[in-house]
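Me: I have just opened this one and would like to go through it piece by piece. Can you walk me through it?

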Amino acid sequence: MGMHERLGDFQYDVLKEIGNIGAGHAATALSHLLGKPIGMSVPHVSVLSFEQVFEALGGSEEPVVAVFLRVVGDSSGNMFFIIKPDSAKHLLHHLAGLEVDESGDFSDMELSALCEIGNILTGTYLTSLADFTRLLMVPTVPSVAVDMLGAVLSFGILNYGVTGDHVLMIDTAFTQGQVQVGGNFLYIPDPESFPVLFRALGVPFE
Amino acid sequence: MNTAHIVKVGMADLNVLAGEGLLKTTGLGSCVGLTLFDKDAQVGGMAHIMLPDSRIARDGALNKAKFADTAIPELVSRMERLGASVGRMVAKMAGGAQMFAAGPNMAEWMRIGPRNVDMCRAVLSDLRIPVVAEDTGGNIGRTIELCCVTGILTVRSVNRGVKEL
């Protein structure tokens, strides 16, 4: 039986609440960084297979901006912050206040800003997940790529040569005034970490 | 190409095709899209290889298509069943990129792309199948299509357009 079938409403609520707490912290951090109030919310949390993630995000050829970092500690795994290129431009322009070329490629400055935003977001989400589960989860230095979804995401499945078939997907919405931008966090626990994480969330795992 | 018969090859999957049509796999990052073609028989094969070596596979059913050392021999035997001969096969491959820069905590597994390419070359060399063209490495994602009549491999990427091998 897949993990997503074993999760009850309660666990989804817990994951979503963790997401909202993390988003709250992230919003505070972002607001300080950008010098204006930024709101963040987590409308939806799901546990999906890789195929479902590809479908949900527009197919494996879909161009995306991906910030990747490795999580080490009690529940190790790979984390991605995925945002569509036009949403990323919106985020940079309307929220971060950078001058952006709406149609063009991403400059080094833009990529660096996205990497830092992704770093703050993933860091605060991890902190609230770690606080709740009392597991040690430490993010490593992030890196960013703009490319096909399949190309960037397959990298997260490869770790140590084994496939962790489940992805925790956390939809996120950023707001600043009337402007709203969406993005997604993906957390892919290493296979040996999945039982650890889900036991800590109160889900039986035999 | 608009009405062509397209056979999709998923991640960690392989497939073969005789005559009219295309074999296609999308979103190759560190994975390698390995294709074999026998021009006389007009039989093509494609594998979306994720990892170099099946010896690291855990218990349970082995997915041969996932690993270079098992996918390539399987592809050869599937093509031979369609009338191809290993002595006439030529290989083309694409992928094997490194999508993210390696940080201080990134170990050997970050280099999975180049290792996949190296393993494909080694396995092909053991089978005496020549690699006639490749577009590997770098830090770009690729989508490939093999025409099973001409043997032309079309490589698409987000930033670099289309390339024919």
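Me: How many residues of strand 3 of chain A are buried?
Reply: Seven of the seven residues of strand 3 (residues 77-83) of chain A are buried, and the strand is mostly covered. A residue is called buried if 20 or more other C-beta atoms lie within 10 Å of its own, exposed if 12 or fewer do, and partly exposed in between, with C-beta atoms placed from the backbone. Helices (H or I, at least four residues) and strands (E, at least two) are DSSP runs, numbered from the N terminus. This is a predicted model, in which local features need pLDDT of at least 70, side-chain atom pairs count only at pLDDT 80 or more, and totals for chains, interfaces and linings use all residues. Residues are numbered from 1 along each chain as its sequence is written, while chains are lettered from A and ligands numbered from 1 in the order in which they are written.

Me: Which residues point which way from strand 3 of chain A?
Reply: A:Gly77, A:Met79, A:Phe81 and A:Ile83 point one way, A:Asn78, A:Phe80 and A:Ile82 point the other way, and all are buried. In a regular strand the side chains alternate between the two faces of the sheet.

Me: And which strands pair with strand 3 of chain A?
Reply: Strand 2 (residues 63-73) of chain A pairs with strand 3 of chain A in the antiparallel sense over seven bridges, and strand 7 (residues 179-189) of chain A pairs with strand 3 in the antiparallel sense over six bridges; two strands pair if DSSP finds at least two bridges between them. A:Leu69 stands opposite A:Met79, whereas A:Phe81 stands opposite A:Phe185 in strand 7 of chain A. Strands 2 and 3 of chain A also form a hairpin, with three residues between them.

Me: Moving on, what covers the buried residues of helix 4 of chain A?
Reply: The buried residues of helix 4 (residues 85-95) of chain A are A:Ala88, A:Lys89, A:His90, A:Leu91, A:Leu92 and A:Leu95. Their cover includes helix 2 (9-34), strand 2, strand 3, helix 5 (108-133), strand 6 (167-176) and strand 7 of chain A. After helix 4 of chain A comes A:Gly97, whose phi is positive, near 70°.

Me: You mentioned helices 2 and 5 of chain A; at what angle do they pack?
Reply: Helix 2 and helix 5 of chain A pack at an angle of about 140°, with their axes 8 Å apart. Axes are lines fitted to C-alpha atoms, for helices over the stretch in contact, and angles run from 0 to 180 degrees between N-to-C directions. The contact includes A:Ile18, A:Gly22 and A:Ala29 of helix 2 of chain A and A:Ile117, A:Leu121 and A:Phe132 of helix 5 of chain A; two residues are in contact if their C-beta atoms, placed from the backbone, lie within 7 Å.

Me: What about chain A as a whole: how many helices and strands?
Reply: Chain A has seven helices and seven strands, and of its 206 residues 47% count as buried. Among contacts in chain A between residues at least 6 apart in sequence, 72% join residues at least 24 apart. The C-alpha atoms of chain A fill a box of roughly 50 × 35 × 25 Å, taken along the principal axes.

Me: Over to chain B. What is the order of the strands in its open sheet?
Reply: Five strands form an open sheet in the order 2-5-4-6-7 (chain B), and the pairing is mixed. Strand 2 and strand 7 (131-136) of chain B stand at the edges, each with a single partner strand, so one side of each is left without a neighbour in the sheet. Strand 2 and strand 5 of chain B run antiparallel and are joined by five bridges, with B:Leu14 opposite B:Ala47 in strand 5 of chain B. Helix 1 (residues 68-81) of chain B packs on the sheet, touching strand 2, strand 4 and strand 5 of chain B.

Me: One last thing: is B:Ala12 buried or exposed?
Reply: B:Ala12 is buried, with 21 other C-beta atoms within 10 Å. B:Ala12 lies in the loop between strand 1 (6-8) and strand 2 (14-18) of chain B, and has a positive phi of about 55° although it is not a glycine.
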